[in-house]
Amino acid sequence: MKSFNEYISAAAIITTVVAVEFIFHNSWLTSGLIIAAASLCIWSKYRSHEALEEQTKTRKIVEKGMNEASRVIANLGKEGERQFSVLDEENELTKAILRVDADMKRFNEEEQKRNWRIEGLAKFSELLRSHDKNVEQLSEDIITNLVRYISGNQGGLFVHKNDEMGEYLELTACYAYDKVRIREKRIEIGQGQIGQCYLEKETVYLLDVPEDYVTITSGLGQSTARNVVLVPLKLNETVYGIIELASFNAFPAYRIKFLEQLGENIASVFASMRNNDHTTHLLQEAQTLTTELQSREEEMRQNMEELSATQEEMSRKQSELDGIVGGINSTMGLIELNTSGKIVHSNTIISEILEYSESELRLRTYNDIIGMEDTNRDFLREICSCQKDTKHYQTRSKTGKPKWLSVSFSPIQDNAGETSKILGLVRDITSRKLKDLEFEKLSLVADNTNNAVIISDKNGLIEYVNKGFTDMTGYKEYEVVGRKPGSFLQGIDTNKDTISRIREGLLREESVYEEILNYKKTGESYWISMAINPVFDKDGNIDKFISIQADITDTKKQALDYQYKLNAISKSNAIVEFDVEGRMIDVNENFLKIVGYTRDEVIGNHHEMFVSRDEKSSSAYLDFWRKLKKGEVLSDEFLRIRKDGEEVHLKGIYNPIFDINGKPYKIVKFVTDITQQKILKFEKRKQEVELANQMEAINKTIATAEFDLDGHLRKTNEIFDGITGIDLTVNNKIHYSDIIPPSELLKPQTELMWTNLKDGKFFSGEFKLKDVNGKELWLVGTFNPINDISGKPYKVMMYAQFTTQEKEKQKDLVGIVNAMKSTTPVMELHPDGTFKNGNTLFMEFFGYNRIELRRKPFHEFVDGGTPAIIKGIIKEIKQNNFLEREFTFINSDGEKKDFQISYSAIYDLEDKLSKIVTILIERSKVIKSDHHERY
């Protein structure tokens, strides 16, 4: 006969097992009824085997045991210590209860982790999906919420960027001690842990990092975090940034997995933003090109007209400037003063006048030039603020010799309009001052003539002028003494060749007779006929020059009027002169540049050298010259041949010139080169055709739609009509709100998008429309405001690709992958056969965390495995891309399982092996399931 305790144990085990099953699937009340029924069975069995007098004693023990079992079962899976007073912890009932309790605790803990991860991914997905900010603002939102969500201490987000120095990682957001921190940090690729994490593209987890690793500390003296995790923002093996998080507590494996999944989502958004920025740039370039093409023809026409005049003006001004600078430096003393009045530069003439070396002059001031002490610095302030007219100053040289100087001061301003230095032009007029008495006598004679008389020294500096000069020019004597006549009498229209001839004659010490254009003090021009005669001393050396000038303005005006007109025409046109037979008698440089010949090659030759052989023998060409010979004016566009055989297009006129008898004696041709304009017109037309072809190609590949600024649909292409089923007619007015789902209409982003479009800002991303049957359609593209010639938006163009089918396929694929990952262990290997990643089922079986498995060789998972295993697998999978094998795996607890393994090769865009995906299919049942059946 079995003992009472044996019956109790057997019944309790059955009761517990059944009760646990009902706990999972039914209510606690049902479980209690089962326990009660089992107790009655035990009680009945007891009465049949034991004496009645023992019944009372044992009944209390049974009741106490059942109550204790009920209490323990009711708290299964909850926190708290399990203690048994009646039941032996070593019997099978206690062990079963403890195993069930441990399983339920583990299940609850995994459920909490899973819920935490799913909730976090959902939260950040919403944040990423709804963003319309720049990278910096989005980074700040991400890192702020992430540090708070993982209960971390601080964190930073580094974004991958490029500049002229190369690639680097920039800290775009930093959050620490519950505050957003503004910090600037640039990390080069490969620099430190963050730079290495970018290169390796793998999560880095640092335990007990050095105290100086974390540089942001609390103002309240709190400790710095010692646990740091670096997570790459990786999408399709491309890293877009790094998240760095620090915490006082260690990061468990499930939180690291959450950060890796979140990192992939963030990388997807950054990749989209980068693509959007690139698309924006391309669209802006296209719009700019369109505007430029419209205005380029007009600009080129104006440029061609202005080019000749501008080049001539620049050449003349440069020549004049070079002459002035060279003349000043060779004939006048030049000093530069700083704003404190100190001499900072001087030329050799100043050194010769004052008998100081250039280095000695840099120790002197403007007081040595003007020969007086400017005690209150009033004179210095005056020359710093405005130009000081030429005045005469008496000073002394280094040796004490008296010197008379004619000086003008001019302030030089910088880009900000502030005086940076003062320029002084100095003439030594000492000798002239000494000869004033002599000139007074000569002036008595000169004052009795109406002609202008100028007496200058051997260097050409005026020593005396008569009343006739002052009446003619408007200058007073004191205004011109010490100056060269040409420096103030000659102007912009004074002939440079005439000036050169005068200068060369004076240098040869010869008499000069010339006609020249001068300017009065008022700026009015006048013509003079002048004679300049040198005066020699008794030794035959040049002593001075005397110039007599007569006003011939009225005589020259008419002649120069015709001459300037002809010169102006010659500068802006190509001019050729022919005799009436067609032989060239004169050409200007513009024409020679066009045809590529020299003057000697064309003078005396016939015009036919510029036409083709066929045209030369044509009747039209002969008739052309017959008309010119009769005196007809011919104007048109003409095709001519250059010396190098290239064609050139000319536009102009053939104008006969008549003699005094009214008969043509020569023909003048005025033409301009319009070849470039012809080319530009051809290129413009070519670009217009290319643009039209590009638009046609776009309409054949993507959907386009045109809206007015109020959102009304104006025009669509066949792709848009075919997918949406919209029939747009003149009487069928369709608004943007009519073709989007109701849920999209309620979103504020829709109204914001149209507000931005009206302001000229484009919008890009994923959009939803609906077809005529109300079915939602997904598309990816842009809404682009189109500006008129004044730069204001007047319509909106949509360019998009419908991605509805891709969305549905993607959704199905994600479902299939998730289903596989939730039912089958999956492991990813690096191309060298080391561990790269694994799903939850894989990690649970092997009992490792992700940090422990990092780069773990494949053969270490296999019972009795060697490195030769994976070498053979890699070699074969590179040939076949897919492979199946059977292995016995061993986990961290020593438990073994037989698996059939499928190996799949994954290649990157460069067709290089990037990873190997292994799917593990269990070949035998877990022994643990048989264990439960025996009870």
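**View 1. Five antiparallel strands make an open sheet in the order β9-β8-β12-β11-β10.** This is a predicted model, in which local features need pLDDT of at least 70, side-chain atom pairs count only at pLDDT 80 or more, and totals for chains, interfaces and linings use all residues. Residues are numbered from 1 along each chain as its sequence is written, and side-chain values use heavy atoms, with hydrogens and water left out. Strands (E, at least two residues) and helices (H or I, at least four) are DSSP runs, numbered from the N terminus. Two strands pair if DSSP finds at least two bridges between them. The edges are β9 (343–346) and β10 (388–396), each pairing on one side only. On average, neighbouring strands of this sheet are turned by 30 degrees against each other, direction ignored. Axes are lines fitted to C-alpha atoms, for helices over the stretch in contact; angles run from 0 to 180 degrees between N-to-C directions.

View 2. β10 and β11 (residues 402–413) run antiparallel, joined by seven bridges. R396 has P402 in β11 as its bridge partner. Contact means heavy atoms within 4.5 Å.

**View 3. Strand β17 pairs with β13 and with β16.** β17 spans residues 542–551 and β13 residues 452–457; six bridges link them in the antiparallel sense. Here A452 stands opposite Q549 of β17. β16 (residues 525–536) is joined to β17 by nine bridges, also antiparallel. I528 has D551 in β17 as its bridge partner. Five residues lie between β16 and β17 in this hairpin. In the turn, G540 has a positive phi of about 85 degrees.

**View 4. The largest nonpolar core holds 36 residues.** Such a core is a set of buried Ala, Val, Leu, Ile, Met, Phe, Trp, Tyr and Cys residues joined through side-chain atoms within 4.5 Å. Buried means under 20% relative accessible area (1.4 Å probe, protein chains only). L146, L245, F258 and F270 have the most contacts inside this core. Elements giving two or more residues include α4 (92–129), α5 (135–149), β1 (154–163) and β7 (238–247). α7 gives the most, with 11 residues.

**View 5. F270 touches residues including L138, L157 and L233.** S139, V159 and Y240 are also touched by F270, not counting residues up to four places away in sequence.

How values were computed
Buried < 20%, exposed > 50% of the residue type's maximum accessible area, 1.4 Å probe, protein only.
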